Amino acid sequence: MTRQTRYRVAGMDCASCAAKIDTAVRRMPGIEDVKVSVVAGIMTTTDNGSADVDAVRSKVESLGYKASKVGDSGLESRERLVPANDHDDSCQDGHHHHDHDHDDHSHRHDDRTGAPGRSTEAPTGTHGHDHGPLDGPWWKTSKAQLTIVCALALGAAFLAGQMLPQTQPWGFIIAMFVGLIPIARRAYMGAINGSPFSIETLMTVAAIGAVIIGATEEAAVVVLLFLVGELLEGIAASRARASITALADLMPKTALLEMDGEPRTVPSDSLTVGAVILVRPGDRISADGDVISGDSAVNEAPVTGESVPKRKEVDDRVFAGTVNGEGVLRIRVSATSADNTIARVIARVEEAQESKAPTERYIDRFSKYYTPGVMVFALLVAILPPLVAGEDWGTWVYRGLAVLLIGCPCALVISTPAAIAAGLSAGARRGLLMKGGAVLESLRKIDLVAFDKTGTLTEGKPQVTDIVGIGRDEREALRLAAALEAGSSHPLALAILARADADVVPIRAAENAGAVGGKGVVGSLDGVELFLGSPRAARERTELGAELDDKIAVLNDSGKTVSVLLAGGEIAGLIAMRDEPREDAIAGIGRLKELGADALMLTGDNTRTARAIAASLGMEARAELMPEDKQRIVGELRSSGRVVAKVGDGINDAPALAAADIGIAMGGGTDVALETADAAILHGRVTDVANMIGLSRATMSNIFQNITIALGLKAVFLVTTVLGITGLWPAILADTGATVLVTANAMRLLVWRGIGREA
C-alpha cells in the first residue's frame with residue numbers, strides 16, 4: 001500500500017534547507033518520494049507503508065527544524081485546480097440542449113454553474129488554515145532569539161575588551177561560539193545525512209579558520225551577520241506564506257444559522273450544504289452559497305479583487321469571505337468550509353508551490369557543484385601563493401577564508417524560489433491559479449491563445465440585442481413579449497425578462513399563456529391574442545414580406561436568434577438575441593496582441609455565429625468543431641512552432657486543454673476542464689489571460705535580476721578579496737546585503753496588480 005504523509009516544517013528559509021531535508025529523509029527505509037515546499041512550510045512523503053512517521057519527524061528535527069505531522073492518506077491525485085462538483089454533466093460535448101417551443105431551429109446554450117460546487121469528499125490535510133509560522137511572531141522564533149543572544153554576547157565581548165583588555169580574544173571567541181555551535185551542529189547533521197557541502201559547512205569552516213588566524217573579532221561578527229541573514233530569509237519566507245494564507249483570515253469564525261425560523265450562532269465550519277444562513281449588513285459572508293431572499297451590494301474585493309461592490313439578488317451566487325453591504329441576505333449554503341472559495345484557493349496555491357520550476361531545479365543542481373567548487377577554490381587561494389611564490393601564509397589564509405564567506409550561496413539559492421513563491425501568491429490574489437512554478441515559468445513563452453467561445457469569450461447565456469418595432473413601438477413590443485414569457489425559466493425567456501427589467505418595462509403575465517409544440521408561445525393580454533416564435537412558425541400564421549425577411553436575414557448573419565412577435569394576428573415586432581462577448585473580451589484580446597500573442601477562436605457553435613462574434617473581437621474563428629477537432633488543431637499549431645495556450649470551460653475543451661502547452665480553465669466551467677488545465681482564471685475575465693502571461697514575464701525578469709545581483713556582487717568581492725582590496729567584513733556584508741536585496745526584489749512581486757497597473 002502506498003501512503004502519503006504531510007508534515008508541517010518550521011524554520012526553512014530557502015531551497016538549500018529543503019534540499020537538506022529532502023536528501024536526509026529520502027535515505028530513510030521505506031521512503032519512495034519526498035516533496036518539500038519552503039514557502040508552504042510543508043513536506044510530503046510517499047512511502048510503501050513501512051516508514052516510521054515518528055522517525056521521519058525526528059530526522060527532520062535533528063537537522064535543526066521543527067516538524068509536526070499534518071495528516072496521511074492513501075495516495076491520490078492532488079493535481080486538481082478545483083474540487084469536483086457533484087452535478088451531472090450528461091452531454092458528451094459539455095453543452096446542455098434546451099428545447100424552447102418558439103425556437104424550432106436548434107439553438108444551443110451552455111448550462112453552466114456560476115462557480116464550482118461542493119466536492120464529494122473533503123480535501124486531504126488541513127489545507128492551510130494553520131499556515132502561519134509555528135513559532136508565532138518572528139521575534140519569538142528560536143532563530144531570532146539565537147540572533148539576539150549572539151548580538152548581546154558580541155556587545156558584551158566588545159565592552160569587556162574596552163574595560164578589561166586582558167579578556168581578549170576570549171570574549172569574542174565565546175561570543176562567536178554562542179552563534180556557531182547551532183550552525184556547526186546543523187552542518188554536522190547535514191553531512192552525516194547526505195549534504196556535506198551545505199551553507200552551514202562553509203560558515204563553520206570560515207569561522208573556525210578566522211579564529212585560527214587570530215581574526216576573532218571578525219569571526220564573531222561574521223557569525224552574527226550570518227544569523228541576521230538567515231533571520232531575514234526566514235522573515236521573507238514567512239511573509240510570502242502569510243501573503244497567501246491571509247486569505248484564511250477572511251473567513252468569519254461564526255455564522256447565523258436559521259433553525260426553526262430563528263437565527264442561531266454556530267461555528268462556520270459546522271455549516272452543511274443546503275443550510276440557510278442569515279447575513280446582516282456589514283458582516284462577512286461565512287460560506288459559498290446562493291441568495292434565496294433579500295438584495296444587497298456585496299464587496300467581493302477580498303476574493304475577486306473587484307473594487308466596486310456587486311449587486312446581489314435572489315439566485316445570485318455569493319462567495320465566502322466577501323462583505324455584505326446594506327441589506328439582509330438569506331443564503332443557502334452550497335459548499336462546506338473545507339470546500340469553499342477561500343479554502344480552495346489556499347489549497348490550490350499550496351499544491352502549486354509544491355511543484356518546482358525548472359529554473360529552480362537548475363539552481364539546486366548548480367549549488368551542488370558550486371559549494372564544493374568554492375571550497376576548493378578557497379583552499380587553493382589560501383595555500384598556492386605561499387607554497388608556489390613564498391607569500392605570507394597569514395595573509396593568504398585570511399583571503400581564502402574571505403573567499404569562503406563570499407561563496408556562501410544564500411542569495412543565489414533563494415533567488416528563484418522567492419520570486420516563484422511571490423509570483424504564485426500575487427496571481428492567487430487576483431484569481432489566477434497555477435499548478436506550480438513550471439506553469440508560471442512557461443506562460444511567458446505563449447505566442448498564440450486559442451479560446452473557446454461559449455462561456456469563455458462570451459457570458460454563456462443569451463441577451464436581447466435588438467428590438468425592431470413594426471406594428472408596435474419597441475417598448476410595447478418588449479412589454480408584450482415579456483408578458484408571454486413571465487414565469488418561464490428558459491434562457492431565451494430569461495433574456496427577454498432581463499431586458500424588460502433593465503428598460504423598466506412593467507411586466508404583467510399574459511392570460512392563458514402556453515406553448516405551441518415546437519413553434520412558440522401563445523397567450524392573450526387585454527383581449528389581444530399574442531404569439532412569439534421563430535420566423536418559420538410566424539410564416540404559418542401571417543405573411544412576413546420581403547422587407548422583413550431581409551431584416552431577419554441581416555440579424556441572422558450577425559449570429560443572432562430572431563423571434564417574431566404577433567399581436568392580434570399582425571406583426572408587432574422582432575426580438576433578436578445572442579450570447580454576447582464578455583465586457584472585457586475586446587480589451588483582453590487587445591492586451592494579448594500587445595504582448596505579441598495572437599488569438600484564435602475554436603468553437604463547436606455554428607459558423608455564422610462564431611464568425612460574427614470573432615469579427616467583433618478582431619480575431620479568426622474555426623467553428624462547428626468536435627472535441628477531437630480542437631485537440632487536433634492545437635496539436636497542428638504546436639507542430640508548426642507556436643507555443644499555444646488553450647482557454648476553455650467545457651467538457652468538450654478538455655482534450656485541447658491537455659494537448660496545449662498550457663491549458664487554462666475559466667473558473668465557472670465544468671470540473672473536467674478545471675482538472676485537465678494547468679491553470680485557472682477564477683473570475684472569468686478575458687483580460688486575465690494576458691495578466692497570466694504578464695505575471696510570468698514579470699516573475700522571470702525578477703529571477704534574472706536576482707541571479708544577476710547575487711552573482712554580480714560575489715564576482716566583484718571575489719576579485720577584490722583575492723587582490724587584497726577587501727577583507728572578511730566587506731565580504732560577509734556583501735553576502736548578507738545580496739540576500740536582503742534578492743529577497744526584497746522578489747517581494748516586489750507581491751504587490752503586482754496586473755498589466756498596466758503594477759505597483
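## Basis of the description

The model is predicted, so local features need pLDDT of at least 70 and side-chain atom pairs count only at pLDDT 80 or more, while totals for chains, interfaces and linings use all residues. Residues are numbered from 1 along each chain as its sequence is written, and side-chain values use heavy atoms, with hydrogens and water left out.

## The chain as a whole

The secondary structure of the chain comes to 24 helices and 26 strands. Helices (H or I, at least four residues) and strands (E, at least two) are DSSP runs, numbered from the N terminus.

Of the 759 residues, 56% count as buried. Buried means under 20% relative accessible area, exposed means over 50%, and partly exposed lies in between (1.4 Å probe, protein chains only). The accessible surface of the chain is about 30,700 Å², and carbon and sulfur atoms hold 56% of this surface. These areas come from the Shrake-Rupley method with a 1.4 Å probe, and for residues only the protein chains shown count as cover. Among contacts (heavy atoms within 4.5 Å) with a separation of 6 or more, 71% are between residues 24 or more positions apart.

## A pair of helices

Helix 3 (residues 142-163) packs against helix 4 (residues 170-192) at an angle of about 170°, and their axes are 8 Å apart. Axes are lines fitted to C-alpha atoms, for helices over the stretch in contact, and angles run from 0 to 180 degrees between N-to-C directions. The two helices are therefore roughly antiparallel to each other, a term for angles over 145 degrees.

On the side of helix 3, the contact is made by L146, V149, C150, A153, L154, A157 and F158, which meet G171, F172, A175, V178, G179 and P182 in helix 4. Of the residues in this contact, 11 are nonpolar, 2 are polar and none is charged. Here Ala, Val, Leu, Ile, Met, Phe, Trp, Tyr, Cys and Pro count as nonpolar, Asp, Glu, Lys and Arg as charged, and the others, Gly among them, as polar.

Strands of a sheet pair through backbone hydrogen bonds, either parallel or antiparallel. Two strands are taken to pair if DSSP finds at least two bridges between them.

Strand 9 (residues 296-299) and strand 10 run antiparallel and are joined by 3 bridges. Within this pair, V298 stands opposite K310 of strand 10.

Another open sheet has 7 strands in the order 14-26-25-24-15-22-23, and its pairing is mixed. Strand 14 (432-434) and strand 23 (620-622) form the edges, each pairing on one side only. On average, and with direction ignored, neighbouring strands of this sheet are turned by 20° against each other. Helix 19 (residues 607-617) lies across strand 22 (598-602) and strand 23, running at about 160° to strand 23.

Strand 25 (residues 662-666) runs parallel to strand 24 (residues 644-648), and 4 bridges join the two. K646 has G663 as its bridge partner, and V647 stands opposite I664. Strand 25 also pairs in the parallel sense with strand 26 (residues 679-681), over 3 bridges; there the bridge partner of I664 is A679. In a regular strand the side chains alternate between the two faces of the sheet. In strand 25, I662, I664 and M666 point one way, whereas G663 and A665 point the other way, and all are buried.

## Individual residues

Most residues other than glycine have a negative phi. D260 has a positive phi of about 55° although it is not a glycine. D260 is placed in the loop between strand 5 (254-259) and strand 6 (262-267), and it counts as exposed at 80% relative accessibility. N512 likewise is not a glycine and has a positive phi of about 55°. N512 is found in strand 17 (residues 511-516) and is exposed, with a relative accessible area of 69%.

V70 lies in strand 4 (residues 66-74) and counts as partly exposed at 22% relative accessibility. The C-alpha atoms of V70 and T44 are separated by 9.5 Å, the two residues being 26 residues apart along the chain.

Conventions:
Parallel < 35°, antiparallel > 145°, perpendicular 65-115°, else oblique.
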